[in-house]
Amino acid sequence: MERSRRSFLKILGISTLGLGTLSAVDLLAKAEMGKAEYSPNPKGMTGKRWALVVDVKKLDEETTQKAIEACHLIHNVPDYGDEEEIKWIWTDKYEHVFPGQEHAYLAEEIEEKPFLLLCNHCSNPPCVRVCPTQATWQRGDGIVMMDQHRCIGCRYCMAACPFGARSFNWKDPRTTYFKDKEPPNPKYPTRTKGVVEKCNLCAERLAVGEMPACVEAVKDSKAIVFGDLEDPHSEARELLHERFAIRRRPELGTSPNVYYIV
Amino acid sequence: MLETALKGSKKYWILIGVLFGLHGIGVTAFLYQLNKGLTVTGMSRDVSWGLYIAQFTFLVGVAASAVMVVLPYYLHNVKEFGKITILGEFLAVAAVNMCLMFILVDLGKPMRMLNVILHPTPNSILFWDMVVLNGYLFLNIIIGWVVLSAERKQVEPPKWVKPLIYLSIPWAVSIHTVTAFLYAGLPGRHFWLTAIMAARFLASAFAAGPALLILLCLIVRRVSKFDPGKEAIQKVANIVIYALIISIFFVLLEIFTAFYSQIPGHMHGFVYTFVGLNGYGNLVPWTWASAVMAVVATLMLLCPPLRKNETTLAISCLLVFFSLWIEKGITLVITGFIPNPFDTITEYVPTLPEVAITVGIWATGFLILTILYKIAVSVKEEIAS
């Protein structure tokens with residue numbers, strides 16, 4: 001009893017030092033965590049810089065819808081259809097995807113093509129730079145992740161993202177959209193109101209050796225290729241070597257990892 | 001000294017009552033928002049910050065402007081300001097409180113607010129804003145309270161408070177610089193991506209804040225026996241006109257760069273606010289109201305007889321305050337989101353609950369201000385008698 005009281009007071013003492021607390025609590029937490037044994041799934045995919053290469057020519061309205069539906073069902077993304085829309089993956093026209101690069105004499109084929117849009121998982125992500133709580137962070141394999149349990153909902157990341165890839169839960173999806181219907185995928189948590197979300201490049205699927213849902217959904221057409229750009233023999237890397245591809249707003253220096261073959 | 005806030009005239013209590021009532025309306029609206037989520041506001045996926053963050057931005061400026069009376073008094077020995085430094089400092093305290101409340105109501109998960117301290121992130125400007133705002137709040141509470149207590153006892157303030165006063169001067173500059181950095185460092189938001197954002201913020205703050213201070217001084221003189229002094233008010237008016245002209249100059253610099261370079265991204269924001277873009281123009285009347293008020297105020301303040309006459313001075317100060325409130329408290333933040341990253345436009349109109357919360361926070365700020373000013377004025381009256 002005495003001992004625990006003493007250690008409690010000790011922690012309290014450190015706490016008053018302010019920032020010092022954090023490292024102390026962190027250490028304690030880590031010591032606790034060390035007791036449990038976790039190991040990654042041996043089937044899980046590992047990489048250094050995951051990227052997607054989208055072959056726009058192979059995509060039509062039908063295939064893009066397949067990719068979108070697969071993603072939104074797996075991640076329980078509600079479909080509000082208004083200005084509070086949650087978007088993980090969606091389509092838009094060339095002029096909106098590459099603003100400033102459109103011109104009046106654009107090839108007809110490109111002008112009306114549906115371009116697939118999603119988080120670019122930038123190598124130099126401004127959203128991660130601005131987040132005040134590290135609720136959004138970059139993994140070693142390049143995926144920009146989102147911790148919906150830590151997010152305070154300040155929406156600084158939404159102002160920082162130049163690709164409009166982030167959505168905010170203005171209302172509670174659990175009491176509005178999923179009120180009368182079950183979320184399609186019971187294995188993936190629905191979100192609460194007041195947090196930001198976005199595409200996570202199917203980190204939970206990669207961990208068990210599965211391809212991202214959008215890639216899987218259109219795999220027959222090979223319209224979306226997933227791979228590690230640091231691996232010279234990856235399918236994505238080889239494709240980029242062969243075909244000319246562009247990225248959205250490269251001049252901003254965020255280094256997007258979604259490539260478009262046009 | 002707190003007890004001096006507990007006895008006052010009937011008018012004082014009516015004011016307290018009204019402000020408290022508005023505070024109550026704000027709290028009620030906030031509880032509603034807490035329950036439903038930020039969906040009750042006019043914000044959207046495209047315009048993800050609105051009235052709350054804009055009010056916060058404007059009020060950081062009001063808070064920072066206390067330095068405009070503190071600096072001349074302590075560094076240049078401008079004696080006239082001796083009587084009103086306390087009014088500047090207490091205005092800063094009230095303004096920072098409003099800032100913190102506006103941040104709080106803007107959060108999607110306010111109950112997780114302390115995550116900012118629990119997981120400190122030095123690369124986030126918002127983290128630094130939290131640090132500097134709280135620091136500035138405590139500096140002004142301590143300085144104001146200690147100096148006023150000493151004044152009441154008619155002794156010199158303790159020596160240890162001097163370094164804090166000197167520290168508060170650059171600290172005031174820091175709060176508004178850091179707040180400008182929230183905007184000025186974001187790739188792809190052209191309207192905000194400008195190196196003179198912090199300078200613009202400071203210039204407009206040093207016009208709007210002191211203009212409000214003049215109005216408050218005039219009110220204090222009318223309702224109490226404490227006279228802040230005609231000379232002090234005139235000196236603050238000089239600061240207002242200089243800062244206002246610099247502020248207008250900075251905006252013109254932005255407009256030149258945008259329109260002479262003809263880069264669409266740089267022009268779009270200004271086109272949207274001044275004449276409307278692609279048929280969208282909600283902010284056009286506001287922008288012109290702000291511009292006209294700024295020009296009229298400049299002319300009035302430049303004219304010595306109008307500046308020296310306290311009635312016309314008060315009108316000029318009202319114009320300055322509302323002009324810059326529109327600029328920073330409405331147009332600057334919202335226009336940053338227009339057009340959105342897809343070069344399309346979603347407009348923003350605040351909703352009733354949003355306005356109620358905003359009014360509630362302003363009322364809470366003025367409630368704090370009224371109580372602090374009551375204390376300061378009571379002490380001044382006590383010494384005089």
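**A sheet in chain A**

Guide: Chain A has an open sheet of four strands, in the order β8-β1-β10-β9, with mixed pairing. Strands pair if DSSP finds at least two bridges between them. Helices (H or I, at least four residues) and strands (E, at least two) are DSSP runs, numbered from the N terminus.

Visitor: Before we go on, what kind of model is this?
Guide: This is a predicted model: local features need pLDDT of at least 70, side-chain atom pairs count only at pLDDT 80 or more, and totals for chains, interfaces and linings use all residues. Residues are numbered from 1 along each chain as its sequence is written, while chains are lettered from A and ligands numbered from 1 in the order in which they are written.

Visitor: Which helix lies across β1, β8, β9 and β10 of chain A?
Guide: That's α10 (residues 235-242) of chain A, running at about 115 degrees to β8(A). Axes here are lines fitted to C-alpha atoms, for helices over the stretch in contact, and angles run from 0 to 180 degrees between N-to-C directions.

Visitor: What about chain A as a whole?
Guide: Chain A has 10 helices and 10 strands. Buried residues make up 39% of its 262 residues. A residue is buried if 20 or more other C-beta atoms, placed from the backbone, lie within 10 Å of its own.

Visitor: How many residues does each chain put into the contact between A and B?
Guide: Chain A gives 41 residues and chain B gives 35 residues. Two residues are in contact if their C-beta atoms, placed from the backbone, lie within 7 Å. On the chain A side, the largest share, four residues, comes from α7(A). By class, that side has 20 nonpolar, 10 polar and 11 charged residues. Ala, Val, Leu, Ile, Met, Phe, Trp, Tyr, Cys and Pro count as nonpolar, Asp, Glu, Lys and Arg as charged, and the others, Gly among them, as polar.

Visitor: Now chain B. What domains does it have?
Guide: The assignment gives domain 1 (1-43 + 51-189 + 354-385) and domain 2 (241-336) of chain B; such bounds come from an automatic or database domain assignment. Their centres, taken over C-alpha atoms, are 25 Å apart. Domain 1 of chain B puts eight residues into their contact and domain 2 of chain B puts in seven. On the domain 1 side, helix α2 (residues 51-64) of chain B gives the most, with six residues.

Visitor: How do α11 and α13 of chain B pack?
Guide: Helix α11 (residues 284-302) and helix α13 (residues 310-335) of chain B pack at an angle of about 150 degrees, with axes 8 Å apart. Among the residues that meet are B:Trp286 in α11(B) and B:Phe322 in α13(B). The residues of this contact divide into 13 nonpolar, six polar and one charged.

Visitor: Last one: which residues are buried in α3 of chain B?
Guide: In α3 (residues 67-76) of chain B, B:Val67, B:Met68, B:Val69, B:Val70 and B:Leu71 are buried. The buried residues of α3(B) pack against several helices of chain B, including α4 (85-106) and α7 (161-184). Just after α3(B), B:Asn77 takes a positive phi of about 55 degrees.

Note on methods. A residue is buried if 20 or more other C-beta atoms lie within 10 Å of its own, exposed if 12 or fewer, and partly exposed in between; C-beta atoms are placed from the backbone.
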